[in-house]
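Morning, everyone. Please look at the model on the screen while I talk.

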Amino acid sequence: MTGAHPGRPLIGITTYQDDAAWSVWRQRASLVPQTYVDAVVRAGGTPVLLPPQPGGAEHLLDALDGLVLAGGPDLDPARYAAAADPRTGPPHHARDAWESSLLRSALARDLPLLGVCRGMQLLNVELGGTLLQHLPDGSHQKVPAEFVRHRVEVAAGSRLAGLLGPDAEVSCYHHQAVDRLGRGLRPTARGADGTVEALELDGHRFALGVQWHPETDPDDLRLFRALIARAVTDRSVTDRSVTDRSVTDRSVTDRTTASHRETSP
């Protein structure tokens, strides 16, 4: 972003598209759990919801300082050239296509991004990786709508280790996991069963995915604060660059005008 908003950084959050009920209404809606919104606000950002739509990702990202790829339903296995396991959920083509477009554009411009659960899996698939379509029953998802708490071991020397230390207790809810790694991705956390719990993309300033749900813990905002701190730093550099160019352009214009006046009869 180039200085259009001098306050808190704008952080896009991808959304679900599903049937929802409120008041007397039950309609199709674009929505996201409030925990994502609260986490971004409390970490110092301004959340912007990004519902699935046919296009415009590049134009939209011009206005954003960071991106959160939220959790959600299973990715369509066709995206990683696999047949669907009977236990894989139905495809959500509009959301898959929209978030894939957002992710490609974000990576191309090195926009700070955090992938949560499905968001981490999308990062892996978009870079050519694959997924395990079903983990052993009861390992990372036990009963509906209830997170599983477990510890993950964090790789020494990783960005994640700098944020969380050598291990962390996290909340997860997933039945799929990363299988073959995508290009440039590094696993930086694993569960006790060896499941990949975090990925980082080498060569990018902040491209981090976690298999757990950090937004559900209001007392631990470290990942969201790190994302927003990177967004603030990048925006400050961009703003200074734009300001310097404006000053240079104005100086050149002033010199050209003065020269014209001196040579005019």
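Predicted model: local features only at pLDDT ≥ 70, side-chain atom pairs only at ≥ 80, totals over all residues.

Residues are numbered from 1 along each chain as its sequence is written, and side-chain values use heavy atoms, with hydrogens and water left out.

Start with the helices. Helices here are DSSP runs of H or I, at least four residues, and strands are runs of E, at least two, numbered from the N terminus. Two packed helices are described by the angle between their axes and the distance between the axes. Find helix H3, residues 93-108, and helix H4, residues 118-126. Their axes come within 10 Å and cross at roughly 70°. Axes are lines fitted to C-alpha atoms, for helices over the stretch in contact, and angles run from 0 to 180 degrees between N-to-C directions. H3 and H4 are therefore roughly perpendicular, a label for 65 to 115 degrees.

Who makes the contact, meaning heavy atoms within 4.5 Å? From H3, the residues include Arg95, Glu99 and Leu103. From H4, they are Arg118, Leu122, Leu123 and Glu126. The contact residues of H3 and H4 divide into four nonpolar, one polar and six charged. Nonpolar covers Ala, Val, Leu, Ile, Met, Phe, Trp, Tyr, Cys and Pro; charged covers Asp, Glu, Lys and Arg; the others, Gly among them, are polar.

Is H4 mostly covered or uncovered? Covered: eight of its nine residues are buried. Buried means under 20% relative accessible area, exposed over 50%, partly exposed in between, with a 1.4 Å probe and protein chains only. After H4 comes Gly128, with a positive phi near 95°.

Now the cores. A nonpolar core is a set of buried Ala, Val, Leu, Ile, Met, Phe, Trp, Tyr and Cys residues joined through side-chain atoms within 4.5 Å. The largest has 35 residues, and Val68, Leu160, Trp212 and Leu223 touch the most other members. Helix H6 (222-263) is one of the elements that each supply at least two residues. H6 gives the largest share, six residues.

Last, two loops. Ala81 is not a glycine, yet its phi is positive, near 55°. Ala81 sits between strand S5 (66-69) and H3, and counts as exposed at 77% relative accessibility. Asp110 also has a positive phi, about 60°. Asp110 lies in the loop between H3 and S6, and is buried, at 17%.

Conventions:
Parallel < 35°, antiparallel > 145°, perpendicular 65-115°, else oblique. Contact = heavy atoms within 4.5 Å.
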